[in-house]
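User: I am new to this structure and would like to learn how to read its sheet and its helices. Could you take me through them step by step?

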Amino acid sequence: MTETTSVPTYVYVTYIHASAEQVWHALTDADLTARYWGHANVSDWQPGSTWEHRRVDGSEHVDASGRVVEAEPPTRLVITFEDSDEERPNGPSVVTFLVEPHEGIVRLTVTHENLPNHEMFNGIANGWPAVLANLKSLLETGDVLPHAPWDMPRTNV
């Protein structure tokens, strides 16, 4: 079924007590992403290279993948994000991580655009805050949240 209404771009902003280099490392290191995301993001993070979002349950199953569009350590990373084999007329969605340092903190802005439908928008609207809360906790305290935040039941407000 083709979606007839436009899907908005998703933007999430958080502030982290860390350096830009620490945030960049957390975004691009497979071992760290495995800790706060439950998936290892695997790539050499060079423009044009592929990246994979691999499960860490021993299956090595890839739940999402894409290409590195831009990589400007430690402040800007742009990747395509493909979570299915479905051909999308407008191409894959695109995720931009903008890391802006300021006096010992970082403003991390994640922009996810070119979403194919509202179902994906709703999924990432639940997923990105959970993943980024875990990343923030890891960098600020040395540990992730005590329970996977994406497993928390949604409430209808």
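Analyst: Let us begin with what pairing means: two strands count as paired if DSSP finds at least two bridges between them. Keep in mind that this is a predicted model. With that in hand, one can read the hairpin formed by β3 and β4, which has six residues between its strands, and in whose turn G58 has a positive phi of about 95°.

User: How many bridges join β3 to β4, and in which sense do they run?

Analyst: Five bridges join β3 to strand β4, residues 62-72, and the two run antiparallel. As an example of a bridge, E52 has S65 in β4 as its partner.

User: Which strand forms a hairpin with β4 with three residues between them?

Analyst: That strand is β5, which pairs with β4 in the antiparallel sense over four bridges, and here E72 stands opposite R76 of β5. Strand β5, residues 76-81, also pairs in the antiparallel sense with strand β6, residues 93-102, over six bridges, and the bridge partner of L77 in β6 is F97.

User: What is the order of the strands in the open sheet?

Analyst: The seven strands follow the order β1-β7-β6-β5-β4-β3-β2, with antiparallel pairing. Because β1 (10-16) and β2 (39-42) stand at the edges and have a single partner strand each, one side of each is left without a neighbour in the sheet. From one strand to the next, the twist averages 20°. As a general idea for reading such strands, side chains in a regular strand alternate between the two faces of the sheet.

User: Where do helices α2 and α3 lie relative to the strands?

Analyst: Helix α2, residues 30-37, lies across β2 and β3 (50-55), and runs at about 150° to β2. Helix α3, residues 118-141, packs on the sheet, where it touches β1, β5, β6 and β7 (105-113), and its direction makes about 10° with that of β1.

User: At what angle do α2 and α3 pack, and which residues make the contact?

Analyst: The two helices pack at an angle of about 115°, with their axes 8 Å apart, and the crossing of α2 and α3 is right-handed. From α2 the contact is made by L32, R35, Y36 and W37, and from α3 by W128, V131, N134, L135 and L138.

Note on methods:
Residues numbered from 1 in each chain as written. Predicted model: local features only at pLDDT ≥ 70, side-chain atom pairs only at ≥ 80, totals over all residues. Heavy atoms only, no water. Axes fitted to C-alpha atoms, helices over the stretch in contact; angles between N-to-C directions. Contact = heavy atoms within 4.5 Å. Left-handed = near helix turned anticlockwise from the far one by under 90°.
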